[in-house]
Amino acid sequence: MNTSEEKKLSIICLSGDFDKVLAAFTLATGAAAVNYEVNLFFTFWGLNVLKQKKQRAFLGNTFLAKMFNFLMGGLKNLPLSRLNFMGISPILMTIMMKKNNVATLPELIQAAIDLEVNLYVCDMSMNILGMTKKDYIPEVKEVLGVAKFLEYSKDGETLFI
Amino acid sequence: MENKTIDITKEHCPMTFVKTKLALEKLKKGDQLTVFLSEGEPLDNVPKTAKEQGHKVLEVSKVEGPTYKIVIEK
């Protein structure tokens, strides 16, 4: 259509902090809504966002992986990077967001899926945590490594969150 | 020709233009989308991004108070 279709934003989502994930998805949906091609590459803590199980669960293939995955939790356990207060703050924050008609994290994730934002899982982190692709939501497009990420993010803007 | 209306007066960035984009995606070329939005950030950006994406902004008018109406043709 025009040059706007060639714009591209790639975000490496390392953090599993509620506020940082919120920032990543706000940027991703905003960019996708103005016709950017958007790639979200989730690694380590960020992978908690994409787990099928939204609550704490003993996932993985070894004892240590199961313990780590339980402690890391899922989408509903994301901590605030500051003032977390044992997980109460993200709940309060979500209530405040709803009250002020600001999109909540699950709403932003759904919007990203509707806007066809590309969701990728880091192969290395997935293996460390003893997980497989089917432990993550079906919208995950591909499990990939650095080489593929560089290829997909080439000639666009890249952020690390 | 289809005509669709959405109200994003209570939405904030980025859902203002996310909802507009998703509504436009469901329409066919030549269809019209009426959007009720608030002045400030949504009024500045929603018509602008619609134009950038190759759509036509047929109308921008004040409804009442901070609420505006815009009509976009896909």
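Val121(A) lies in strand β3 of chain A, which spans residues 118-122; strands here, like helices, are DSSP runs numbered from the N terminus, with at least two residues (E) for a strand and at least four (H or I) for a helix. The model is a predicted one, in which local features need pLDDT of at least 70 and side-chain atom pairs count only at pLDDT 80 or more, while totals for chains, interfaces and linings use all residues. Residues are numbered from 1 along each chain as its sequence is written, and chains are lettered from A and ligands numbered from 1 in the order in which they are written.

Val121(A) is buried, because 25 other C-beta atoms lie within 10 Å, where a residue is called buried at 20 or more other C-beta atoms within 10 Å of its own, exposed at 12 or fewer and partly exposed in between, with C-beta atoms placed from the backbone. Leaving aside residues up to four places away in sequence, Val121(A) touches Phe42(A), Leu47(A), Leu50(A), Met126(A), Lys133(A), Tyr136(A), Val140(A) and Val143(A), contact being defined by C-beta atoms, placed from the backbone, that lie within 7 Å. Ala33(A), by comparison, is 88 residues from Val121(A) in sequence and 22 Å from Val121(A) in space, C-alpha to C-alpha.

## The sheet of chain A

Chain A holds an open sheet of 5 strands in the order β4-β3-β2-β1-β5, with parallel pairing; two strands pair if DSSP finds at least two bridges between them. The edge strands, each pairing on one side only, are β4 (140-144) and β5 (157-160) of chain A, and the twist averages 20 degrees from one strand to the next.

Strands β1 (residues 8-13) and β2 (residues 37-42) of chain A run parallel and are joined by 6 bridges, and Lys8(A) has Glu37(A) as its bridge partner in β2(A). Helix α1 (residues 18-33) of chain A packs on the sheet, where it touches β1 and β2 of chain A, and its direction makes about 165 degrees with that of β1(A); axes are lines fitted to C-alpha atoms, for helices over the stretch in contact, and angles run from 0 to 180 degrees between N-to-C directions. Helix α6 (residues 146-153) of chain A also packs on the sheet, touching β1, β2, β4 and β5 of chain A, with a direction at about 160 degrees to that of β2(A).

## The nonpolar core

The largest nonpolar core has 54 residues, and those with the most contacts inside it are Ala28(A), Leu40(A) and Phe42(A); such a core is a set of buried Ala, Val, Leu, Ile, Met, Phe, Trp, Tyr and Cys residues joined through C-beta atoms within 7 Å. The element that gives the most to this core is α1(A), with 9 residues. Phe42(A) touches, among others, Cys13(A), Val49(A), Tyr120(A) and Val121(A), not counting residues up to four places away in sequence.

Chain B has 2 helices and 4 strands, following the pattern β-α-β-α-β-β along the sequence. Of its 74 residues, 34% count as buried.

In the contact between the chains, 14 residues of chain B meet 15 residues of chain A. Helices α1 (15-25) and α2 (41-52) of chain B each supply at least two residues of the side that touches chain A, and the largest share, 5 residues, comes from α1(B).

Definitions and conventions: Contact = placed C-beta atoms within 7 Å.
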